[in-house]
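The exercises below concern one protein chain.

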Amino acid sequence: MCWLMIETCCFYLYMLAAIVFILVRQLQSAWCDALETADMKKALTDYVQYSMLNLTWFAINFVTCAMPPVCIWLNSDEALDRA
(Lines give C-alpha, C1' and ligand atoms only; values in the text may rest on other atoms or scores of the structure.)
Protein backbone atom coordinates (compact mmCIF):
# COMPACT_ATOMS: atom_id res chain seq x y z
CA MET A 1 0.00 0.00 0.00
CA CYS A 2 2.88 2.37 0.78
CA TRP A 3 4.42 1.89 -2.66
CA LEU A 4 1.10 2.68 -4.34
CA MET A 5 0.80 5.89 -2.32
CA ILE A 6 4.35 6.89 -3.26
CA GLU A 7 3.66 6.25 -6.96
CA THR A 8 0.42 8.23 -6.79
CA CYS A 9 2.09 11.17 -5.05
CA CYS A 10 4.91 11.09 -7.58
CA PHE A 11 2.41 11.25 -10.45
CA TYR A 12 0.53 14.18 -8.95
CA LEU A 13 3.77 16.00 -8.15
CA TYR A 14 4.78 15.60 -11.80
CA MET A 15 1.45 17.10 -12.90
CA LEU A 16 1.90 19.96 -10.41
CA ALA A 17 5.41 20.57 -11.75
CA ALA A 18 4.08 20.85 -15.30
CA ILE A 19 1.39 23.29 -14.18
CA VAL A 20 3.88 25.43 -12.25
CA PHE A 21 6.37 25.47 -15.15
CA ILE A 22 3.77 26.48 -17.74
CA LEU A 23 2.20 29.06 -15.41
CA VAL A 24 5.53 30.71 -14.61
CA ARG A 25 6.58 30.80 -18.27
CA GLN A 26 3.23 32.22 -19.38
CA LEU A 27 3.33 34.92 -16.70
CA GLN A 28 6.92 35.69 -17.60
CA SER A 29 6.01 36.11 -21.27
CA ALA A 30 3.03 38.31 -20.37
CA TRP A 31 4.96 40.64 -18.06
CA CYS A 32 8.35 40.82 -19.79
CA ASP A 33 9.15 42.43 -23.10
CA ALA A 34 9.47 40.14 -26.09
CA LEU A 35 12.79 39.70 -27.87
CA GLU A 36 13.20 41.28 -31.27
CA THR A 37 14.40 38.06 -32.83
CA ALA A 38 11.72 35.42 -32.37
CA ASP A 39 12.09 31.69 -32.80
CA MET A 40 9.75 30.65 -35.63
CA LYS A 41 9.53 27.12 -34.28
CA LYS A 42 8.07 28.55 -31.07
CA ALA A 43 5.35 30.31 -33.04
CA LEU A 44 4.50 27.27 -35.16
CA THR A 45 4.45 24.48 -32.58
CA ASP A 46 2.62 23.74 -29.37
CA TYR A 47 4.25 25.24 -26.25
CA VAL A 48 4.53 21.89 -24.43
CA GLN A 49 6.13 20.27 -27.47
CA TYR A 50 8.47 23.26 -27.95
CA SER A 51 9.69 23.29 -24.33
CA MET A 52 9.59 19.53 -23.74
CA LEU A 53 13.24 19.25 -22.66
CA ASN A 54 13.03 22.13 -20.16
CA LEU A 55 9.70 20.87 -18.86
CA THR A 56 11.08 17.37 -18.35
CA TRP A 57 14.11 18.58 -16.41
CA PHE A 58 12.03 20.94 -14.30
CA ALA A 59 9.59 18.14 -13.46
CA ILE A 60 12.39 15.71 -12.55
CA ASN A 61 14.01 18.29 -10.27
CA PHE A 62 10.67 19.30 -8.76
CA VAL A 63 9.70 15.71 -7.95
CA THR A 64 13.19 14.92 -6.64
CA CYS A 65 13.03 17.88 -4.23
CA ALA A 66 9.39 17.44 -3.19
CA MET A 67 9.25 13.66 -2.79
CA PRO A 68 11.36 13.31 0.42
CA PRO A 69 9.01 15.52 2.50
CA VAL A 70 6.04 13.64 1.03
CA CYS A 71 7.63 10.31 1.99
CA ILE A 72 8.30 11.60 5.51
CA TRP A 73 4.69 12.67 5.76
CA LEU A 74 3.48 9.31 4.41
CA ASN A 75 5.67 7.50 6.94
CA SER A 76 4.18 9.40 9.86
CA ASP A 77 1.78 7.65 12.22
CA GLU A 78 -1.15 9.86 11.23
CA ALA A 79 -0.88 9.00 7.52
CA LEU A 80 -0.63 5.31 8.29
CA ASP A 81 -3.71 5.49 10.54
CA ARG A 82 -5.73 7.09 7.73
CA ALA A 83 -4.71 4.36 5.27
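The structure is a predicted model, in which local features need pLDDT of at least 70, side-chain atom pairs count only at pLDDT 80 or more, and totals for chains, interfaces and linings use all residues. Residues are numbered from 1 along each chain as its sequence is written, and side-chain values use heavy atoms, with hydrogens and water left out.

**Exercise 1. Fold and confidence**

Task: Determine how many helices and strands the chain holds, and state where confidence is lowest and where it is highest.

Solution. Begin with the elements, which are DSSP runs numbered from the N terminus (helices are H or I of at least four residues, strands E of at least two). The chain has five helices and zero strands, and its pattern along the sequence reads α-α-α-α-α.

Next, consider pLDDT, the predictor's confidence in each residue on a scale from 0 to 100. The average for the chain is 82, and 82% of the residues score at least 70. Helix H5 (residues 77-82) has the lowest confidence, with a mean of 61, while H4 has the highest, at 89.

Finally, examine contacts, defined as heavy atoms within 4.5 Å. Of the contacts in the chain with a separation of 6 or more, 77% join residues 24 or more positions apart.

**Exercise 2. The nonpolar core**

Task: Identify which residues form the largest nonpolar core and which helix gives the most to this core.

Solution. A residue is buried under 20% relative accessible area, exposed over 50% and partly exposed in between (1.4 Å probe, protein chains only). A nonpolar core is a set of buried Ala, Val, Leu, Ile, Met, Phe, Trp, Tyr and Cys residues joined through side-chain atoms within 4.5 Å.

Buried residues account for 14% of the 83 residues in the chain. The largest nonpolar core consists of five residues, namely Leu 13, Val 63, Met 67, Val 70 and Leu 74. Helix H4 (residues 52-75) contributes the most, with four residues.

Then inspect one member of the core. Apart from neighbours within four places in sequence, Val 63 touches Cys 10, Leu 13 and Tyr 14. In general terms, nonpolar side chains in soluble globular proteins tend to be buried together.

**Exercise 3. Aromatic rings**

Task: Count the aromatic pairs, and classify the pair of Phe 11 and Tyr 12 and that of Phe 21 and Phe 58.

Solution. Rings of Phe, Tyr and Trp (its six-membered ring) pair if their centres lie within 6.5 Å; planes under 30 degrees apart are stacked, over 60 edge-to-face and the rest tilted. The count comes to three aromatic pairs.

Phe 11 and Tyr 12 have ring centres 5.3 Å apart and planes at 70 degrees, so this pair is edge-to-face. Phe 11 is partly exposed at 46% relative accessible area, whereas Tyr 12 is exposed at 54%.

For Phe 21 and Phe 58, the centres are 5.5 Å apart and the planes stand at 40 degrees, so the pair is tilted. This pair joins distant parts of the chain, with Phe 21 in helix H1 (residues 2-31) and Phe 58 in helix H4, 37 residues apart. Phe 21 is buried, at 6% relative accessible area, and Phe 58 is partly exposed, at 29%.

Lastly, Phe 21, Phe 58 and Phe 62 make up one aromatic cluster. Phe 62 belongs to helix H4. Neighbours within four places set aside, Phe 62 contacts Leu 13, Leu 16 and Ala 17.

**Exercise 4. Cysteines**

Solution. A disulfide is a pair of cysteine sulfur atoms within 2.5 Å. For Cys 10, the nearest cysteine sulfur is that of Cys 9, 8.6 Å away. Cys 10 is partly exposed, at 30% relative accessibility.
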